[in-house]
Number of protein chains: 2
Amino acid sequence: MPLTDSNIAAGIGDDAAVMKPPTRSICLVTTDILIEDIHFTLDYTDPIRLGKKALSINLSDIAAMGGTPQYFLLSMGLPLHLPFRWVEELFQGIQQVAERYNLSLIGGDTSLARKVTINITLIGRGKAGEITYRKGAQPGDQIMVTGTLGNAALGLRILESHKGDSSISRTEDNDLTELIEKHLSPIPRIAEGRLIAKNHLASAMIDISDGLMADLGHILEESHAGAKIWVSQLPLSEAYRRKVLHYTSSEIDLAISGGEDYELLLTTPRKKGEKLLGLFKKSGLKITPIGEIADSRYGLRLFLDDGREYRPMVKGYDHFKNRGK
Amino acid sequence: MPLTDSNIAAGIGDDAAVMKPPTRSICLVTTDILIEDIHFTLDYTDPIRLGKKALSINLSDIAAMGGTPQYFLLSMGLPLHLPFRWVEELFQGIQQVAERYNLSLIGGDTSLARKVTINITLIGRGKAGEITYRKGAQPGDQIMVTGTLGNAALGLRILESHKGDSSISRTEDNDLTELIEKHLSPIPRIAEGRLIAKNHLASAMIDISDGLMADLGHILEESHAGAKIWVSQLPLSEAYRRKVLHYTSSEIDLAISGGEDYELLLTTPRKKGEKLLGLFKKSGLKITPIGEIADSRYGLRLFLDDGREYRPMVKGYDHFKNRGK
């Protein structure tokens, strides 16, 4: 990650990074901490994918604001027993994502630690008129989501159910590989976020880290609104549909509350919905309408095709986690 | 820490903080991670002081660049067994320092963890022509340091030698209190850094976190220079002088290599030295000339009053720590 960026006067190697702020843009800043045995386990997380994921989940936050990521700072706590090769591969993973999105590493801190700890702070830019917030959803707006839901949660469930059996990482079942990969290597939806933001298509947007219900809940809270979701419209992958009932008793609960999808969830005024769908189709990007914003008194309700209300067994994923996001 | 800052469009409560960049200034960004049992132990660290210190050591990095701190992001990993009161007091400590320096908390992340982990990213501003780097020291420049040296290292030594004896925190020996306090509650030299930067008085500057020798070494490396230090000129507190030989066999080694002083170490062209000393005197701030920059081939050498070279037993404090600073 060489510092070729002319807006950085000093990066690694001084007391602080010196950054020329963007002209006619605003700064976006986000931070996320990943801790071994809380967010991941070394049993089934290889260092390359861990590095990629650590940076990608921060990128997902910038994507959700409609911004362009630029710089990051990396703090790490590393146990003494880790092989040097492991740390090198962690960096390789981080570097792969940094190169993919043209990011510069501008600072950091490294320390010994009992458990692997990775904290990344990511700085991006955006135009004031393009930034998308959690607030702004209006009754009647369509609710849409990128990609598919539930793969990451099902992938984690699969890894956990094969704990101690490392052969799962070499499985030849393509469905299992796809689901596990979505958990280990989420793809931040930067292109999708930019497409939405630069065309002013979203009234509100968030990335799904805590699960559809929990994160839609954040939009509803900030927008003082309610919502109805059509369960049959939820974008579920073929792999998810084929495997989900082997690992849990409900076909949809993991998709609506499992967490770590890192897809974008947004609301769009009805008259912009068609344009949005057209632009995504043209760009080869996946997005699906799944419901509609309602009045705040309506609450958050899910419906089946026959008109019956669906009541999930579980609520959003929220292990004493106040993401400050 | 209410968000009254009109330059922040969204802070806590969205996917990323939205920050209007300063006009006609540049951004300074720094990050530091503190991990229980590596950087501190809960045995003798109360949560209020820990919160203050976590923010202060980041402030010290901004001070060393001559900048003005503005915003911070706070990531925490907290064990489940911590009493709620403890976490509240940690916040109180952070808040006290944030209020003192007029800082806004703009984002963060909280997670469970096995060990208390605190990562702060601090963002500040500075004028391009005022920022002080580690590079820039020239042969003949005076070397100066704010405050006193060695108190923090001696304070830590005292705490460690009384391990398990919690009465040390209630000692009525004012010397011990002063030394321990410097370790637990370092004061970032923001006013000193600004005074130096806005008057363009430093050719190079750094904060002393790893010890005088190690951090002067960073200036010398970045500036391609050498240095001579006059041991008798090192600013040692009365408390330090009275206690140091009770805890270690050398009167000066802790002061030159102990670490965590969080004082500013700077070099100043000889013709500006007098002005600098005058301004500090007028402002009631402490600064002391301790040596002179030499040619790079000279290396880093310390001298006693009788002209003999002093060879310390220890080198800088550097426990597998690459501060990225």
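Me: Leaving aside neighbours within four places in sequence, which residues is B:Thr267 in contact with?
Reply: In this predicted model, B:Thr267 touches B:Ala137, B:Asp141, B:Gln142, B:Ile143, B:Ala202, B:Ser203, B:Ala204, B:Ile219 and B:Ile293.

Me: Is B:Thr267 buried or exposed?
Reply: B:Thr267 counts as buried, because 30 C-beta neighbours lie inside 10 Å and the threshold for a buried residue is 20 or more.

Me: Where is B:Thr267 found?
Reply: B:Thr267 belongs to strand β10 of chain B, which covers residues 264–268.

Me: And what separates B:Thr267 from B:Asp165?
Reply: Their C-alpha atoms are 42 Å apart, and the two residues stand 102 residues apart along the chain.

Me: Turning to the two chains, how many residues of chain B are in contact with chain A?
Reply: On chain B, 55 residues are in contact with 55 residues of chain A. Among the elements that each supply at least two residues of this side of chain B are α1 (47–64) and β5 (104–112). The largest share, nine residues, comes from β3(B).

Me: What is the make-up of that side?
Reply: It divides into 26 nonpolar, 15 polar and 14 charged residues.

Me: Which strand of chain A is joined to β3(B)?
Reply: Strand β2 of chain A (residues 17–19) is joined to β3(B) by three bridges, and the two run antiparallel. Within β3(B), B:Cys27 stands opposite A:Met19.

Me: How are the copies related?
Reply: Chain B superposes on chain A by a rotation of 180° with 0.0 Å of shift along the axis, at an RMSD of 0.0 Å. The copies are therefore related as by a two-fold rotation axis.

Me: Which residue of chain B comes closest to the rotation axis?
Reply: That is B:Pro21, with its C-alpha at 2.9 Å. The same surface serves both copies, as 100% of the contact residues of chain B recur in chain A.

Conventions
Residues are numbered from 1 along each chain as its sequence is written. Chains are lettered from A and ligands numbered from 1 in the order in which they are written. This is a predicted model: local features need pLDDT of at least 70, side-chain atom pairs count only at pLDDT 80 or more; totals for chains, interfaces and linings use all residues. Copies are superposed by least squares on the C-alpha atoms of residues with pLDDT of at least 70 in both. Two residues are in contact if their C-beta atoms, placed from the backbone, lie within 7 Å. Helices (H or I, at least four residues) and strands (E, at least two) are DSSP runs, numbered from the N terminus. A residue is buried if 20 or more other C-beta atoms lie within 10 Å of its own, exposed if 12 or fewer, and partly exposed in between; C-beta atoms are placed from the backbone. Ala, Val, Leu, Ile, Met, Phe, Trp, Tyr, Cys and Pro count as nonpolar, Asp, Glu, Lys and Arg as charged, and the others, Gly among them, as polar. Two strands pair if DSSP finds at least two bridges between them.
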